[in-house]
Amino acid sequence: MLKPVDLDMVSEEQRQRAEQYLEHFEFEEQEFVHRAGDPADRAYLIDEGEVRVELATDELDAERVLEIVPAGVLFGEASLLGSVEHTLNAIASTHVRGRSLSRQAMDRMKSDDPELAAAVYQALGKSAIAK
């Protein structure tokens, strides 16, 4: 089971500073957040709804769904930690709203606010290890 984002190592003041780098997103039920093979360029934090993460397979009897990602959980952080291509599909199970952090925004953060970028990378790494 995926765990909620642990941002204990990011202070409230740092969270507020990070907001300027986040982009809001919204997906309708059954809409692809990303497909296997798409460029991996951002991490997603779900504020409302659920996303199903599943294998990309055409096998009829295959168990596709690997995880249901609920609100409060970050997914796709490997995109910011070096992954270049998604290996799984992510599909909105319900109407989904949230915020994403793109690789481009992380690059800006590293340049504008290196202390914040270091704290975010530390939190992303901790989140990835916990999974």
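Strand β4, residues 51-54, is covered on both faces. V51 and V53 are buried on one side, and R52 and E54 are buried on the other. This is a predicted model. The protein has 131 residues, and 40% of them count as buried.

**Strand β4 and its partners**
- In a regular strand, side chains alternate between the two faces of the sheet.
- Strand β5, residues 65-69, pairs with β4 through 4 bridges. The two strands are antiparallel.
- Within β5, V65 stands opposite E54.
- Strand β7, residues 89-92, is also joined to β4 by 4 bridges. This pair runs antiparallel.
- A92 in β7 is the bridge partner of V51.

**Overall layout**
- The protein contains 3 helices and 8 strands.
- Read from the N terminus, the order of elements is α-β-β-β-β-β-β-β-β-α-α.
- Take the contacts between residues at least 6 apart in sequence: 78% of them join residues at least 24 apart.

**The nonpolar cores**
- The largest nonpolar core holds 14 residues. Those touching the most other members are Y21, L80, L101, M106, M109, L116 and V120.
- Three elements each supply at least two residues of this core: β3 (42-48), α2 (103-112) and α3 (114-130).
- Helix α3 gives the most, with 4 residues.
- V120 is in contact with L101, M106 and M109, leaving aside its neighbours within four places in sequence.
- Another core, of 13 residues, lies apart from the largest one. Its members include V33, I46, F75 and A90.

**A buried arginine**
- R42 lies in strand β3.
- R42 counts as buried because its relative accessible area is 17%, and the cut-off for buried is under 20%.
- The side chain of R42 makes a polar contact with the side chain of E23, at 3.4 Å.
- Beyond its neighbours within four places in sequence, R42 is in contact with E23, G76, S79, L80, S100, L101 and S102.
- Two of these contacts, L80 and L101, are also among the residues that touch the most other members of the largest nonpolar core.

Methods: Residues numbered from 1 in each chain as written. Predicted model: local features only at pLDDT ≥ 70, side-chain atom pairs only at ≥ 80, totals over all residues. Heavy atoms only, no water. Core = buried A, V, L, I, M, F, W, Y, C linked by side-chain atoms within 4.5 Å. Buried < 20%, exposed > 50% of the residue type's maximum accessible area, 1.4 Å probe, protein only. Contact = heavy atoms within 4.5 Å. Pairing = 2+ DSSP bridges. Polar contact = N/O pair within 3.5 Å; in protein donor to acceptor, adjacent residues only side chain to side chain.
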